[in-house]
Structures are given as structure tokens and as C-alpha cells.
Amino acid sequence: EDEKYLYFTAQANGGVTLNRVDLTTKKTESLTDLTSGIGSFALKNNKLLFVKTEVSNPFELYVSGIDAKKPIRISSFNEDWVKSKQLSFPEKHEFKNEKGLTIEYWVMKPSTYEAGKKYPLLLQIHGGPSAMWGPGETTMWHEFQFWCSKGYGIVYSNPRGSGGYGYDFLRANVNDWGKGPMSDVLNSLNRASAESWVDTSRITVTGGSYAGYLIAYILGHDKRFKAACSQRGVYDLRTFFGEANAWRLVPNYFGGYPWEKKTLEVLERESPINYVQNITTPYIIFHGENDLRTGVSQSERMYK
């Protein structure tokens, strides 16, 4: 109310933090941690009201002082329901890739995990490519817990090109949608697969949109997976430019247009459809017929 601070949320390292900047000093401070995600929020009478997602509870409303300290939960949208559920909590890891970028990844054991037993492992890949996953990301809470409840372990990561790690990290996949990000997600998978409970003969992969793209690219270059599923993917970057409302991704990431020889060469190199002859993994493709973001003909072409 005194216009001293500007409040905002931002993705960071797997969380979505609530932050504020002092308009006089320009100093920014994070008011919440990286293990949760803050959604909508409101300020009034020196009180802060906000929605919070965390692994232990997908969504609740909280109220606190203006500094977000000592928040009090004031809703029970999921609190009572989640008490009767057996949840899996992610373990965070990291490594440096060949570019010197720190890649963060998370491993979730099956919620029914018992020491000494072996379990299948599901590699989950996010879309965007500039999305970001982590304990504070809201949209995947249910899917991650669902697969863990079915006896799967999960590994997910934020490969180069993800949001939440700064501008240089975000643009580290320019002209490189395939090989570089593939290296990051498979490196995460390799490290997770080394854990004693993983049945390495039953490793699967799924994801949608850009992840659908990357899965198809990976299957053209790697045969380790027992089964694969890609959803609403992009498989031919040359035609993606003309059939989708996200066409600006082509000039933004590849520096030109399909009718330009230099750009066309890159689009052909980066398009999974040009490696389809290498795919032997059992593979199911999903796509919505009315999808305007990634046209359904992308999947029809890949299937045929």
C-alpha cells in the first residue's frame, strides 16, 4: 500500500517463488523456497493471500504477513484427501554437462517401494522446450504420483533450454533441439538407472509437445527403452512452421525459415522424422485432432 515493493512470482530451480523488489534500492528478495510453487496471490491490509503447491499437498490457500513468513493454511481442498494417500517424494540431484551447465534432475521411487525389490523406471520429459519441472511445478503433481502408485519409479530433469535457470541456460538449445537436450535427459536417466532398485530391462519414456518431439528424436538414436509414448509432438520442423500457432519457434530457435537453404539444412538435421527408419522401440503416439499448437498431421505423418 505504501508502494515500497513490487511483488512477483518467478520460476527458479524447480520451484516457483514469490519475490519482491524494493523500488528504491532495486534489491530483490525471494520470500518462499524452491521446494514449493506459488500461484495466484493478493495483497491487502498488510496481509498476503496465496495458493501454494508442494509435494505433500497439490493446492491450498495460505495467509501470512506481508513478508510471507509463518503462513497459515486456511483451506482444505486436498488436505483431508491426501492424508489417506501414500505419496512419493522426489530426491534432487545435479550434474554438469559438456557445456558446463548445471543440470538438475529428480528421482521418485514407487510409492509402494520395498528395499531389495526391482521396479520399472519411467523417464518423464517436459515440453516447451522452455518449461520447467520440479517440486513446485503445479501441472504434473497428479501424473507423477499416479505412476508412482502404479509401481513405477520416475526420473525427470530440466535439460538445456528449460526455464528457471537464466537467459544463457534458456538459449543453450538454439539450433540444437535434439542432440544436446537428449544428452542431458539421458545423462539424468543413466544416473537414476544406476540406483539398485531400478530394473534396467524395464525403462520407459513419455512426454508431450516438445517432449513428444524429443522422445521421437531419442528413439531414432537410442534403443534402450522397453516402450515409449509421445503426446502432441512435433516431428517435422519443416512443415511445423506452416500448420501451427507456435510457428515462431522456428525462426526464434533456428534463425530463419524453411525456404532458406541454410535453415532448411538445420531443420532437416533436427527433425525426428528423418530418423524414423532407426526406430524399433514399441511406440504409441497420441494427438488431439483439434490441436492448433502442434498440428495433428505431425503425428499422422510420423505414424505413416
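Asn-46 is exposed, with a relative accessible area of 55%. In this predicted model, the residue sits in the loop that runs between strand S4 (36–44) and strand S5 (47–54). The phi angle of Asn-46 is near 60 degrees, a positive value in a residue other than glycine. Most residues other than glycine have a negative phi.

Asn-175 also has a phi near 60 degrees, again positive in a residue other than glycine. The loop that holds Asn-175 lies between helix H3 (167–170) and helix H4 (179–193). Is Asn-175 buried or partly exposed? With a relative accessible area of 33%, Asn-175 counts as partly exposed, because that class covers values between the 20% limit for buried and the 50% limit for exposed.

## A cis peptide bond

Gly-128 and Pro-129 are joined by a cis peptide bond, with omega at about 5 degrees. Most peptide bonds are trans. Pro-129 belongs to the loop between strand S10 (119–125) and helix H2 (141–149).

## The buried side of helix H8

Helix H8 spans residues 261–270, and its buried residues are Thr-263, Val-266, Leu-267 and Glu-270. These residues lie on the same side of H8, because they cover an arc of only 100 degrees around the axis.

Which helices do the buried residues of H8 pack against? The partners are helix H5 (210–219), helix H6 (237–243) and helix H7 (249–254).

Gln-231 is part of strand S13, which covers residues 227–231. The relative accessible area of Gln-231 is 18%, so the residue is classed as buried, the cut-off being under 20%.

What does Gln-231 touch once its neighbours within four places in sequence are left aside? The contacts are Thr-206, Gly-207, Gly-208, Ser-209, Gly-212 and Phe-286. Ile-285 is 54 residues from Gln-231 in sequence, yet the two C-alpha atoms are 5.9 Å apart in space. A polar contact of 3.2 Å links the side chain of Gln-231 to the side chain of Arg-232.

## Summary of the local features

- Positive phi in a loop: Asn-46 between S4 and S5, and Asn-175 between H3 and H4.
- Cis peptide bond: Gly-128 to Pro-129, with Pro-129 in the loop between S10 and H2.
- Helix packing: the buried residues of H8 against H5, H6 and H7.
- Buried strand residue: Gln-231 in S13, with a side-chain polar contact to Arg-232.

Notes
Residues numbered from 1 in each chain as written. Predicted model: local features only at pLDDT ≥ 70, side-chain atom pairs only at ≥ 80, totals over all residues. Heavy atoms only, no water. Helix = DSSP H or I, 4+ residues; strand = E, 2+ residues; numbered from the N terminus. Buried < 20%, exposed > 50% of the residue type's maximum accessible area, 1.4 Å probe, protein only. Arc of directions from axis to C-beta. Contact = heavy atoms within 4.5 Å. Polar contact = N/O pair within 3.5 Å; in protein donor to acceptor, adjacent residues only side chain to side chain.
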